[in-house]
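My entries follow the order in which I looked things up.

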Amino acid sequence: MKKLINDPQNVVDESVEGFGMAHGDLVSVHTDPLFISRAGGAVKGKVGLVSGGGSGHEPLHGGYVGKGMLDAAVPGAVFTSPTPDQIIPATQAADGGAGVVHIVKNYTGDVLNFETAGEMCAAEGIEVRTVLVNDDVAVEDSLYTAGRRGVAGTVLVEKIAGAAAERGDTLDAVEAVGNRVVANVRTMGLALTPCTVPHAGKPSFELADNEIEIGIGIHGEPGRHRVGLEPADALTEHLLTPVVEDLGIGSGEKALLFVNGMGGTPLSELYIVYRAAAKLLADRGVSVERSLVGNYITSLEMQGCSVTVLRLDDELTALWDAPVHTPALRWGA
């Protein structure tokens, strides 16, 4: 195992410390317990947004703390859910008096721990709502979740719900727009290589040199099936077809197309995938109005990608375009 680390047990703490040093103008890092909040504290009268999950998916979630997105993020150990004792102070830090929305990826540990934290915060007078993200069409059930996993669509939920909160929407409205995004977004991914969790010291699964895992999860969970090595256009079709069919998007509709890297794939290859996906959507009569390409929710150093399609309407498009200023996503600010 070759990694730029010191002690495998200290990877998250040291990484978050470095993140806070690099982006001290945007975020504050709290160490006991560990969480990240918006610099300057909660915005009075604004609905707060909190998300979190296992580390190893950077820039998710800490990279999206800032104006127009999250007010706090909670990093767990690598591929491990954060604990309620982290989530509670993060929720308190995000509370500006208008309530807090938890954006939770659908993994059993995340769901249970955010639920526990939400109940304890409610007992202290903070109104908490939950938006559950389950955009992965690859599997219905896995060892990690009951139902579909939350994957790259989480970034879009955080951006759009964050814009709604920033413009002054009520708690009910922010929750509703987050759920609208969840209802209209689908994702599927693939892996060319596995990743290695630092404290494990060995790859999370095995793939032959000529094999590709279709429908992979962001923790290295198994997908739908394995295929032999194929050209990028064919692999993209393996991902996009089930996404489009599950979403039911068709001719005359508008979409945001998001091609996400898993951490180890060159940007040049992601654009080849984007090219293929955009052409396939055009063939179906779907107009790609907005796009995002890059490493936005990763799986350590895994080589691979995911393709996400979000059905757009005028309001969701305007919220996507709204100013955002975070360490990992920024425009218009």
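Which residue just after H3 takes a positive phi? I found Gly125, with a phi of about 100°. I note here that the model is predicted.

**Entry: helix H3**

I checked the length of H3 next. The helix runs over residues 108–123, which is 16 residues. At 1.5 Å a residue it should span 22 Å, and I get 23 Å between its end C-alpha atoms, so the two agree.

Then I listed its buried residues. They are Asp110, Asn113, Phe114, Ala117, Gly118 and Cys121. They cover an arc of only 135° around the axis, so they sit on the same side of H3. The spacing made me recall a general point. An α-helix has 3.6 residues a turn, so residues three or four places apart point the same way.

I asked what the buried residues of H3 pack against. The partners are strand S3 (48–55), helix H2 (84–94), strand S5 (100–105) and strand S6 (128–133). On the face turned away from the buried side, I noted the exposed residues Glu119 and Ala123.

**Entry: salt bridges**

How many salt bridges does the model hold? The count comes to 20. Side chains of opposite charge can pair when their charged atoms come close.

Pair one is Glu315 with Arg167, with the closest N and O atoms 2.6 Å apart. This pair links distant parts of the chain, 148 residues apart. Glu315 is in helix H8 (residues 314–321). Arg167 is in the loop between helix H4 (153–166) and helix H5 (171–183). Glu315 is partly exposed at 31% relative accessible area. Arg167 is also partly exposed, at 46%.

I then looked for a network around this pair. Arg167, Asp169, Arg180, Asp313 and Glu315 are linked in a network of salt bridges.

Pair two is Arg226 with Glu213, and here the closest N and O atoms are 2.4 Å apart. Arg226 lies in strand S9 (residues 225–228) and Glu213 in strand S8 (residues 211–214), so the pair ties together parts 13 residues apart in sequence. Is Glu213 buried or exposed? Glu213 is buried, with a relative accessible area of 5%. Arg226 is partly exposed, at 39%.

Arg275 is in helix H7 (residues 267–283) and Asp233 in helix H6 (residues 232–247), so to speak two distant parts of the chain, 42 residues apart. Arg275 is partly exposed, with a relative accessible area of 42%. Asp233 is partly exposed too, at 39%.

**Entry: Arg186**

My last stop was Arg186, which lies in strand S7 (residues 185–191). Its relative accessible area is 15%. Buried means under 20%, so Arg186 counts as buried.

What lies 3.3 Å from a polar atom of the Arg186 side chain? I found the backbone oxygen of Ala183 there.

I then listed the contacts of Arg186, leaving aside neighbours within four places in sequence. Asp135, Val137 and Arg148 are among them. The list also includes Val243, Asp246 and Leu247. Val307, Thr308 and Val309 are in contact with Arg186 as well.

Terms used:
Residues are numbered from 1 along each chain as its sequence is written. This is a predicted model: local features need pLDDT of at least 70, side-chain atom pairs count only at pLDDT 80 or more; totals for chains, interfaces and linings use all residues. Side-chain values use heavy atoms; hydrogens and water are left out. A salt bridge is a side-chain nitrogen of Lys or Arg within 4 Å of a carboxyl oxygen of Asp or Glu. Helices (H or I, at least four residues) and strands (E, at least two) are DSSP runs, numbered from the N terminus. Buried means under 20% relative accessible area, exposed over 50%, partly exposed in between (1.4 Å probe, protein chains only). The expected span of a helix is 1.5 Å times one less than its number of residues. The arc is that of the directions from the helix axis to the C-beta atoms. Contact means heavy atoms within 4.5 Å. A polar contact is a pair of N or O atoms within 3.5 Å; within protein, one must be able to donate a hydrogen and the other to accept it, and residues adjacent in sequence count only if both atoms are side-chain atoms.
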